[in-house]
Every structure is written in structure tokens, then in C-alpha cells.
Amino acid sequence: MKKLVLLLSVLFVFNSCSLDEEKYSIVVLPVESVVDMPLEFRLGETYHITMKYRQPTSCHSPYGIYYEKELNNRTLAVRNLKQERSGCNELTDVLVEQTFSFYVTNTGNYIFKFWTGKDEEGNNTYLEYDIPVN
């Protein structure tokens, strides 16, 4: 039994160490469009909202959603994990969907601002939706 535990421990140590440690960074990407945005919400219900974005390179992979809330205002974008390595292929036609669930907890309108990038002057731009709660 002790030999088995020792063997498993040694295997764990060798598997957990990597000589070629890969480097990653988290990047925020702009939203290209919003799919399935309801025209109204009902209090206490959950809605699934889908965003589409362009995957810039083959070294990018989905890593969740950037989500900021302040009262009934929501600001969103897409997060990707970018592998820092050479040999990444630039992708021009790859649209990816990212879906999140939104649970309605307040009355009044919700303002959704989906970040679409920056304009020529460096100002943030958004797709904005003003959704009432009925």
C-alpha cells in the first residue's frame, strides 16, 4: 500500500511540473451583435442573452464575460484567454456566440451596454438596450 501511495505521489509531482510553461493573458473583446434580447422582462424570471463577437486569432479562446453592474445598469463585453506564443493564425470570419443568464431582481428599466470597441477619438462605444420590467 505504501508503495502505491509513493508511486502515485511521484506521478503527481511529475505531471504537475512543466518545463515549457505557457503564458496567457486575459483580453476583453468587443461585441459585434446581440441575439435574443427580449423587448421586456418580468420580475423573477431568467433570460438567456447571446452576444456575438469575432475571434481575432487561433490563440484566442472563450474565457467568460466581462460584466459590470451599477444599480439597473449593466455593461458587458467578452473575455478571451490569449495564448502568448508565435504561430497564431489571424482569423477574419470566425464569429463566436457567448451566452449568459440574466435574472431579473428589480423593477424599473434595465440598461444594457454592450461594448463594441473604441471610436476614432479613443472613446468607448456601445450597443445600448433599454428594457422595461413588467
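Q: What makes a stretch of residues a strand here, and how are strands numbered?
A: A strand is a DSSP run of E, at least two residues long, and numbering starts from the N terminus. The model is predicted. In this predicted chain, D36 lies in the loop between β2 and β3.

Q: How many helices and strands does the protein chain hold, and in which order do they come?
A: There are 1 helix and 8 strands. From the N terminus on, the elements run α-β-β-β-β-β-β-β-β.

Q: What makes the phi of D36 worth a look?
A: D36 is not a glycine, yet its phi is positive, about 65°. Most residues other than glycine have a negative phi.

Q: Why is D36 called exposed?
A: The cut-off for exposed is over 50% relative accessible area. D36 reaches 53%, so it counts as exposed.

Q: Is L71 buried or exposed, and how do you know?
A: Its relative accessibility is 74%. Exposed means over 50%, therefore L71 counts as exposed.

Q: How do you know that β2 and β3 pair?
A: Pairing needs at least two DSSP bridges. Strand β2 (residues 33-35) and strand β3 (residues 46-54) have 3 bridges, so they pair, in the antiparallel sense.

Q: What makes β3 and β6 a pair, and in which sense do they run?
A: The cut-off is again at least two bridges. β3 and strand β6 (residues 95-103) share 9, so they count as paired, and the sense is antiparallel. Among the bridge partners, M51 has Q98 in β6.

Q: Which order do the strands of the open sheet take?
A: The order is β2-β3-β6, 3 strands with antiparallel pairing.

Q: Why are β2 and β6 said to stand at the edges?
A: Each has a single partner strand, so one side of β2 and one side of β6 are left without a neighbour in the sheet. From one strand to the next, the twist averages 30°.

Q: Why is Q98 called buried?
A: Q98 sits in strand β6. Buried means under 20% relative accessible area. Q98 has 14%, so it is buried.

Q: What does Q98 touch, leaving out residues up to four places away in sequence?
A: The contacts of Q98 are I49, T50, M51, Y53, P62, G64 and I65. For scale, a contact is heavy atoms within 4.5 Å.

Q: What makes a set of residues a nonpolar core, and how many residues has the largest one?
A: The members must be buried residues of the nonpolar list, joined through side-chain atoms within 4.5 Å. The largest core has 20 residues. Those with the most contacts inside it are F41, I49, F100, F102, F112 and F114.

Q: Which elements give two or more residues to this core?
A: They are β3, β5, β6 and β7 (110-118). The largest share comes from β3, with 4 residues.

Q: Which residues does F102 touch, not counting those up to four places away in sequence?
A: F102 touches F41, E45, T46, Y47, I49, Y67, R74, Y110 and F112.

Q: How do you know that C59 and C88 form a disulfide?
A: The test is two cysteine sulfur atoms within 2.5 Å. Here S to S is 1.8 Å, so C59 and C88 qualify. The structure holds 1 disulfide. The pair links distant parts of the chain, 29 residues apart: C59 in the loop between β3 and β4, C88 in the loop between β5 and β6.

Q: Which class does each cysteine fall into, buried or partly exposed, and why?
A: C59 is at 4%, under the 20% limit, so it counts as buried. C88 is at 26%, between 20% and 50%, so it counts as partly exposed.

Q: What share of the protein chain counts as buried, and how much area does the chain expose?
A: Of the 134 residues, 26% count as buried. The chain exposes about 9300 Å², and carbon and sulfur atoms supply 53% of that area.

Definitions and conventions: Residues are numbered from 1 along each chain as its sequence is written. This is a predicted model: local features need pLDDT of at least 70, side-chain atom pairs count only at pLDDT 80 or more; totals for chains, interfaces and linings use all residues. Side-chain values use heavy atoms; hydrogens and water are left out. Axes are lines fitted to C-alpha atoms, for helices over the stretch in contact, and angles run from 0 to 180 degrees between N-to-C directions. Buried means under 20% relative accessible area, exposed over 50%, partly exposed in between (1.4 Å probe, protein chains only). Accessible areas come from the Shrake-Rupley method with a 1.4 Å probe; for residues, only the protein chains shown count as cover.
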